[in-house]
Amino acid sequence: MTSAKQKKCKYCDGRGYVKNNAAQKVDLCDCIKRQCKCSGEDNYMYYDKDINAYRQCICRNYAFRINKINKIYKEADIPRNYQWKFIEDIEMIDNDKKGIPNISEFLEIIEQTLVNYEDIRKRRGLLLWSELTGNGKTLAAAIILNTLVFNFGIAAKFLKLSSDYFGMLKKTYSNIDESEINVIKKLIDYDVLVIDDFGTQRSTEWENEKLYELIDGRNDSKKMTIITSNINFEKIEETALYDRILSRIMEMCVIYKVKTPCYRQKFLIKK
Ligand SMILES: [Zn+2]
Ligand SMILES: [Zn+2]
């Protein structure tokens with residue numbers, strides 16, 4: 001092998017696939033396409049005349065990984081505004097060409113969470129809170145989820161607490177093919193789960209119980225959970241809100257106050 005060949009491809013960094021931003025999916029990188037002998041056909045096998053037999057094409061494992069990532073991404077239920085957003089989509093300056101206050105720290109917490117994911121000893125959940133709305137909490141959570149799916153092809157899900165989670169559970173009561181326990185178990189099994197809008201729940205006894213089952217289950221199985229909330233977590237332990245759910249969250253998460261200003265819906269995202 002020549003030394004040039006051993007060098008990592010600058011387009012895919014050795015992953016073998018790249019982002020297709022227009023189609024919001026990943027594609028095979030040219031570095032693999034150039035070596036492909038199957039044209040993506042015959043289940044990624046090609047006929048080798050020299051040995052008179054079929055062989056696996058170099059693209060085969062990459063193709064399986066790409067299909068897996070695209071499927072996970074499609075089924076993750078990320079809200080429209082946050083689909084296919086990555087750290088490079090964050091706008092660092094405002095309309096007056098001034099740097100957005102606290103933006104470096106905002107990027108730092110995203111990057112730190114991503115880097116730590118690779119090290120099981122450092123991996124923690126993340127709680128992003130601020131009483132201000134529209135200042136990037138959900139964006140940060142979605143970027144982390146999108147990037148982890150892109151980098152590692154791990155199972156991921158975006159959950160809006162009030163509408164998705166409790167709605168999903170209630171649906172099982174009238175559906176004999178799906179049980180509540182199965183829904184919760186599936187949600188516990190995702191490698192990374194975003195729980196958006198924690199604190200908007202009505203906190204009935206039933207909601208609290210179901211929320212506890214989910215969060216406690218994820219904590220037990222050491223899965224990464226990213227939570228966004230408008231609740232003030234600064235003095236949370238002194239408030240009436242403090243209960244076993246919050247104590248689990250604080251045990252499993254890095255608690256971070258998002259200090260970037262409100263930029264309404266299109267916050268920070270480059271056009
Ligand atoms: Zn490449
Ligand atoms: Zn091929």
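This short talk walks through one predicted protein model, from its overall layout to a few single residues.

Before I start, a word on conventions: residues are numbered from 1 along each chain as its sequence is written, and chains are lettered from A and ligands numbered from 1 in the order in which they are written. Since we are looking at a predicted model, local features need pLDDT of at least 70 and side-chain atom pairs count only at pLDDT 80 or more, while totals for chains, interfaces and linings use all residues.

Let me begin with the whole protein. Its C-alpha trace spans about 75 × 55 × 35 Å along the principal axes, and it has nine helices and nine strands, where helices (H or I, at least four residues) and strands (E, at least two) are DSSP runs numbered from the N terminus. Of the 271 residues, 29% count as buried; here a residue is buried if 20 or more other C-beta atoms lie within 10 Å of its own, exposed if 12 or fewer, and partly exposed in between, with the C-beta atoms placed from the backbone. Two residues are said to be in contact if their C-beta atoms, again placed from the backbone, lie within 7 Å, and among contacts between residues at least 6 apart in sequence, 71% join residues at least 24 apart.

Next, the domains. The protein is divided into domain 1, residues 10-66, and domain 2, residues 76-257, with bounds that come from an automatic or database domain assignment. Their C-alpha centres lie 34 Å apart, and the contact between them takes four residues from domain 1 and four residues from domain 2.

What lies in the largest nonpolar core, and which residues have the most contacts inside it? By nonpolar core I mean a set of buried Ala, Val, Leu, Ile, Met, Phe, Trp, Tyr and Cys residues joined through C-beta atoms within 7 Å. The largest one has 54 residues, and those with the most contacts inside it are Leu-127, Ala-142, Leu-145, Val-194 and Ile-226. Helix H5, residues 137-152, gives the most to this core, with nine residues, and the core draws at least three residues from each of domain 1 and domain 2. As general background, nonpolar side chains in soluble globular proteins tend to be buried together. If we take Val-194 and leave aside its neighbours within four places in sequence, we find it in contact with Ala-141, Ala-142, Leu-145, Phe-158, Leu-159 and Ile-226.

Let me stay with H5 for a moment. This helix has 16 residues and reaches 23 Å from its first C-alpha to its last, close to the 22 Å expected at 1.5 Å a residue, the expected span being 1.5 Å times one less than the number of residues. H5 is mostly covered, with 12 of its 16 residues buried, including Lys-137, Thr-138 and Asn-146. What covers those buried residues includes helices H3 (60-75) and H4 (103-117), together with strands S5 (125-129), S6 (156-160), S7 (192-198) and S8 (224-229).

Turning to the strands, S6 is largely enclosed by the rest of the structure, because four of its five residues are buried. Strands S6 and S7 run parallel and are joined by five bridges, where two strands pair if DSSP finds at least two bridges between them; within this pairing, Lys-160 has Asp-196 in S7 as its bridge partner.

I would like to finish with some single residues. Most residues other than glycine have a negative phi. Gln-24, however, has a positive phi of about 50 degrees although it is not a glycine; it sits in the loop between strand S1 (17-20) and strand S2 (25-28), and it is partly exposed because 14 other C-beta atoms lie within 10 Å. Asn-102, in the loop between H3 and H4, has a positive phi near 65 degrees, and with 15 C-beta neighbours inside 10 Å it counts as partly exposed.

Is Ile-51 buried or exposed? Ile-51, which lies in the loop between strand S3 (45-48) and strand S4 (53-56), has 8 C-beta neighbours inside 10 Å and therefore counts as exposed. Ile-51 and Trp-129 are 78 residues apart in sequence and 62 Å apart in space, C-alpha to C-alpha. Finally, Asp-220 is found in helix H8, residues 205-220, and counts as exposed, with 11 C-beta neighbours inside 10 Å; Asp-220 and Arg-248 are 28 residues apart in sequence and 10.0 Å apart in space, C-alpha to C-alpha.
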